[in-house]
Amino acid sequence: MKTIDDIAERLVAQRKTLGIEQKDMYMRIGMKQQQYQRIESGSDVRLSTLLRVLEGLDLELSITPRNKKLASDLSEAPGNLEKNDEFKDDSDDLSFWFNSEDEV
């Protein structure tokens with residue numbers, strides 16, 4: 001998706017896939033039909049409004065780099081955890097909380 005119109009088309013398609021009308025968005029996210037209709041017509045919206053609409057349509061926002069080199073640079077950036085390193089065993093830390101009375 002590169003334009004607001006592309007996003008609007010995706011919103012329309014998802015709403016129709018779910019079998020709901022524009023007026024039904026009021027019950028799903030508290031947005032009146034007229035306001036929602038402007039979004040589907042490609043009107044510029046705030047990010048918070050877009051996130052609310054996505055939630056109501058069971059969609060989520062995903063941001064990905066356009067450049068493959070940039071994507072590989074981001075994966076090698078400091079602070080990124082390998083899957084295996086993500087949840088290392090912290091059992092030695094637990095002794096502080098659970099064995100503190102026994103050692104006194």
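**Contacts, core and helices**

Trainee: Which residues is isoleucine 39 in contact with, leaving aside its neighbours within four places in sequence?
Mentor: This is a predicted model. Contact here means heavy atoms within 4.5 Å. Once the neighbours within four places in sequence are left aside, the residues in contact with isoleucine 39 are Ala8, Leu11, Met31, Val45, Thr49 and Val53.

Trainee: Which element gives the largest share of the largest nonpolar core?
Mentor: That core has 11 residues in all, including Leu11, Met31, Ile39 and Val53. Two or more of its residues come from each of α2 (25–29), α3 (33–40) and α4 (47–56). The largest share is three residues, and the element giving them is α4.

Trainee: Why are the buried residues of α3 on the same side of the helix?
Mentor: The buried residues in α3 are Tyr36, Ile39 and Glu40. An α-helix has 3.6 residues a turn, so residues three or four places apart point the same way. The three of α3 are on the same side because the arc they cover around the axis is only 95°.

Trainee: What do the buried residues of α3 pack against?
Mentor: Tyr36, Ile39 and Glu40 are the residues concerned. Their packing partners are α1 (4–18), α2 and α4.

Trainee: How many helices does the secondary structure of the chain come to?
Mentor: From the N terminus on, the elements run α-α-α-α-α-α. There are zero strands, and the number of helices is six.

Trainee: What percentage of the residues of the chain count as buried?
Mentor: Buried means under 20% relative accessible area. The chain has 104 residues, and the share that count as buried is 19%.

Definitions and conventions:
Residues numbered from 1 in each chain as written. Predicted model: local features only at pLDDT ≥ 70, side-chain atom pairs only at ≥ 80, totals over all residues. Heavy atoms only, no water. Core = buried A, V, L, I, M, F, W, Y, C linked by side-chain atoms within 4.5 Å. Buried < 20%, exposed > 50% of the residue type's maximum accessible area, 1.4 Å probe, protein only. Helix = DSSP H or I, 4+ residues; strand = E, 2+ residues; numbered from the N terminus. Arc of directions from axis to C-beta.
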